[in-house]
Amino acid sequence: MWYFAYGSNMQSDTLRGRRGIGYRRAIAVRAPGWRVVFDKPPLFPIGEAFANIVAEPGAVALGVAFEVSADELAHIELSEGVKLGNYHRVLLDVEPLEPVADAPRTAVSLASDRRDPTLRPSTRYMALVVAGAHEHGLPAEYVEALRAIPANEPTETALAFRALLDVVLRRRDR
């Protein structure tokens with residue numbers, strides 16, 4: 001199955017390392033009818049926003065489709081707080097940015113109805129998003145647009161919480 005990542009999970013070090021997902025393939029894709037935004041509040045109030053996708057006719061979300069197992073997708077959903085209402089599963093049509101054999105036509109992703117335009121992502125988080133976009137060859141103008149998104153230094157609360165969260169996010173069955 002295919003998982004569409006558009007935030008920090010685009011970066012292999014995050015998906016493989018931090019989350020423990022051993023994906024098989026990664027393909028840069030677009031998802032027509034969706035837009036990437038950076039105003040999703042976290043599950044726990046740490047003063048920062050995260051990436052989200054919202055349905056929007058005429059828009060196109062760029063990201064990476066990762067080939068994962070059903071168990072790996074379940075772990076991604078667990079670590080993203082789907083059971084707690086942090087995100088919900090959506091099925092997207094996707095198109096590869098470059099011709100690829102056996103490219104996915106659909107992918108599962110995560111979206112949220114929770115938005116807060118007063119929040120900004122952290123510089124730490126945006127560095128991960130930019131690194132993932134660059135790693136998988138998303139268009140240079142998109143990478144530059146990501147770099148231009150206003151971001152704040154991580155809050156003290158976020159830094160303290162991050163260390164605890166990293167322990168929980170990693171898969172244990174590998």
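Where is the place of Ser8, in terms of the elements on either side?

A: Ser8 sits in the loop between E1 and helix H1 (12–18), where helices (H or I, at least four residues) and strands (E, at least two) are DSSP runs numbered from the N terminus. The model is a predicted one, in which local features need pLDDT of at least 70 and side-chain atom pairs count only at pLDDT 80 or more, while totals for chains, interfaces and linings use all residues. Residues are numbered from 1 along each chain as its sequence is written, and side-chain values use heavy atoms, with hydrogens and water left out.

Ser8 has a relative accessible area of 8% and is therefore buried; buried means under 20% relative accessible area, exposed over 50% and partly exposed in between, with a 1.4 Å probe and protein chains only. Apart from neighbours within four places in sequence, the residues in contact with Ser8 are Thr14, Tyr125, Leu128 and Val129, contact being heavy atoms within 4.5 Å.

The axes of H3 and H4 come within 9 Å and cross at roughly 175°, so H3 is roughly antiparallel to H4. Here the axes are lines fitted to C-alpha atoms, for helices over the stretch in contact, and angles run from 0 to 180 degrees between N-to-C directions; under 35 degrees counts as roughly parallel, over 145 as roughly antiparallel, 65 to 115 as roughly perpendicular and the rest as oblique.

Within H3, Val130 has 10% relative accessibility and so counts as buried. With neighbours within four places in sequence set aside, Val130 is in contact with Val143, Leu146 and Arg147. The C-alpha atoms of Val130 and Tyr142 are 9.2 Å apart in space, and these two residues are 12 residues apart in sequence.

On the H4 side, Tyr142, Val143 and Leu146 are buried. Viewed down the axis of H4, the buried residues fall within an arc of 100° and so line one face of the helix, the arc being that of the directions from the helix axis to the C-beta atoms. An α-helix has 3.6 residues a turn, so residues three or four places apart point the same way. The exposed residues Ala140 and Glu141 are carried on the face of H4 turned away from its buried side, whereas its buried residues pack against E2, E3 and H3.

Not counting residues up to four places away in sequence, the partners of Ile53 include Phe4, Trp34, Val90 and Leu110.
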